[in-house]
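Me: I want to check the labels on this model. Take me through them one by one.

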Amino acid sequence: KSKRIHHFNSVADGMGEVYRNPCIVFAGHPSLRCGDSVLLLEKWRDDPRNVVIMIEPEYPYSPTLAPFLPMAMRSYFCPIDPSIDFEQATKLIKEIKPRTVVTSPTYFRPPFGHPTRHDLTLGRDAAEEYVELGFG
């Protein structure tokens, strides 16, 4: 609605037409050695306002960023466990207390064919605001 979130398969898909600083990009591969992440890190690494957040728990954080050093941009290692279930995710959101959680609308409904399985949904009371992305 506000045209603040855009999806691109690659930088060549028109990202340059809507790109603004600051910007968040989700890289497709945790190595940061393929795809557009290499180009973007080279472009953004000298600006301390930029941040790279490594979320893959099984990937070595320091060696991954080594080819881009030195860099002024900040970097954080915040591993996300891909095996986390809905109950654990709701508990984690309640503990962290973020102002906004961005997620798919499908996580608020029980799966198709299991309409009573509310244990397979995120608790809406865990955060102040939810922004639903995608189709649901």
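Reply: Start with tyrosine 59, which touches His29, Pro30, Ser31, Thr64 and Phe77, leaving out residues up to four places away in sequence. Contact means heavy atoms within 4.5 Å. This is a predicted model: local features need pLDDT of at least 70, side-chain atom pairs count only at pLDDT 80 or more, and totals for chains, interfaces and linings use all residues. Residues are numbered from 1 along each chain as its sequence is written, and side-chain values use heavy atoms, without hydrogens and water.

Me: Why is tyrosine 59 called partly exposed?

Reply: Its relative accessible area is 30%. Buried means under 20%, exposed over 50%, and partly exposed in between (1.4 Å probe, protein chains only). Tyrosine 59 is therefore partly exposed.

Me: What makes tyrosine 76 partly exposed?

Reply: The relative accessible area of tyrosine 76 is 42%, so the label is partly exposed here too.

Me: Which residues of helix α2 are buried?

Reply: Ser37, Leu40, Leu41 and Trp44, in a helix that spans residues 36-44. Helices are DSSP runs (H or I, at least four residues), and strands are E runs of at least two, numbered from the N terminus.

Me: How do you know that the buried residues line one face of α2?

Reply: Seen down the axis, they fall within an arc of 100°, so they line one face. The arc is taken from the directions from the helix axis to the C-beta atoms. These buried residues pack against α1 (15-18) and β1.
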